Amino acid sequence: MTTNTTTRTAIVTGASSGIGRATATALATAGFNVVAIARRADQLDSLTIDSAAITALPLDLTTDGAAAQAVQHTLAAFGRIDVLVNAAGYGANAPSESVPPAEWDRLFAINVNAVAHLTSAALPHLLASARDNQVADVVTISSTAGLSAEPGAAAYSSSKFAVRGLMEAWRKEYASRDIRFCTIYPGAVVTEFGKDQQFIRDWYATMKTQGAVAHPDDVARAVLFAATQPAHASVSELTLRPTRQI
Ligand SMILES: NC(=O)c1ccc[n+]([C@@H]2O[C@H](COP(=O)([O-])OP(=O)(O)OC[C@H]3O[C@@H](n4cnc5c(N)ncnc54)[C@H](OP(=O)(O)O)[C@@H]3O)[C@@H](O)[C@H]2O)c1
């Protein structure tokens, strides 16, 4: 473990389902205090029932002031921010000529801008925790689509490439002040991802028949791995595919 006896506090976005939910649970089980953020309050409530270490903050991260609200809530609840996990996001797949400007804006608002805004708002407090506790962590969920762009997913792929750029720039900017930045690139993980989109649902169905899907807990373990390295070691990028996904 990286830390002294202080209980570390994590903010986890996208905590109502899938990777974020599994990560909130894994961090709480590992002894972190967790602030769980997403829009669906009922889903967050069921998470807090399972763990006293998790508090819920129902919030649309694309609204004005959301990042400041998330930080203030966390400081009021636990007094510090040691780890930020940016997992909120969604996928879209459509012929590019049919994607209107509003859809580009909606996708970038959560997949990119919310990551930038919340990380920026958390940074002063992450710096304070790093001074106090040797290290602090930001872990962001990109995608294998952020490493290799796919046809029909220009908006989604480019949003996940953007996240990679943000994280690498921040890593270099804050390395000397002991904040670690880890970008995780998952392949196919069975979650609510793409539940409203026939193309994505069909793709997951095919992957399932091939035994080529991972579980949210697999990604949560990767997040925990990155955030619990000794203070001198930084896992800056990690790709996690189902074994059978090519
Ligand atoms: N599943 C995969 O195969 C896969 C692969 C690669 C990367 N990823 C990435 O992994 C991350 C997590 O996705 P997932 O697979 O776990 O899908 P998911 O089950 O659909 O989870 C997405 C989460 O994001 C939250 N969210 C969406 N918009 C939000 C907003 N405006 N404000 C606050 N929260 C918001 C959702 O909660 P509410 O609806 O309650 O707000 C939900 O908790 C995403 O960034 C996704 O791009 C997933």
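The buried residues of helix α5 pack against α4, β5 and β6. Here, a residue is buried if 20 or more other C-beta atoms lie within 10 Å of its own, exposed if 12 or fewer, and partly exposed in between, with C-beta atoms placed from the backbone. Packing is counted by contact, with two C-beta atoms, placed from the backbone, within 7 Å. Helices (H or I, at least four residues) and strands (E, at least two) are DSSP runs, numbered from the N terminus.

This is a predicted model, where local features need pLDDT of at least 70, side-chain atom pairs count only at pLDDT 80 or more, and totals for chains, interfaces and linings use all residues. Residues are numbered from 1 along each chain as its sequence is written.

- In α5, the buried residues are Ala155, Tyr156, Ser157, Ser159, Lys160, Val163, Leu166 and Met167.
- An α-helix has 3.6 residues a turn, so residues three or four places apart point the same way.

**Overall fold**

- The protein has seven helices and seven strands, and along the sequence they follow the pattern β-α-β-α-β-α-β-α-β-α-β-α-α-β.
- With a radius of gyration of 17 Å, close to the 18 Å that the globule rule gives for 246 residues, the protein is as compact as a globular protein of that length; the radius is taken over C-alpha atoms, and the rule is 2.2 Å times the number of residues to the power 0.38.
- Taken along the principal axes, the C-alpha atoms fill a box of roughly 50 × 40 × 40 Å.
- Among contacts between residues at least 6 apart in sequence, 70% join residues at least 24 apart.

**Nonpolar cores**

- Buried residues account for 43% of the 246 residues.
- The largest nonpolar core has 62 residues, and Ile11, Val12, Val34, Ala36, Ile37 and Val223 have the most contacts inside it; such a core is a set of buried Ala, Val, Leu, Ile, Met, Phe, Trp, Tyr and Cys residues joined through C-beta atoms within 7 Å.
- A second, separate core of five residues includes Ala92, Ala145, Ala153 and Ala155.
- Leaving out residues up to four places away in sequence, Ala36 touches Val12, Ala15, Ala24, Leu44, Leu47, Ile54, Ala56 and Leu57.

**Ligand shell**

- Of the 29 residues around the ligand, Gly14, Gly18, Arg39, Arg40 and Gly89 come nearest; a residue counts if its C-beta atom, placed from the backbone, lies within 6 Å.
- Helix α1 (residues 18–29) gives the most to this shell, with three residues.

**Asparagine 86**

- Asn86 lies in strand β4 (residues 83–86) and is buried, with 30 other C-beta atoms within 10 Å.
- The C-alpha atoms of Asn86 and Gly14 are separated by 7.4 Å, although these residues are 72 residues apart along the chain.

**Positive phi values**

- Gln134, in the loop between α4 (101–133) and β5 (136–141), has a positive phi near 80 degrees.
- Asp178 has a positive phi of about 70 degrees although it is not a glycine, and this aspartate is buried, with 20 other C-beta atoms within 10 Å.
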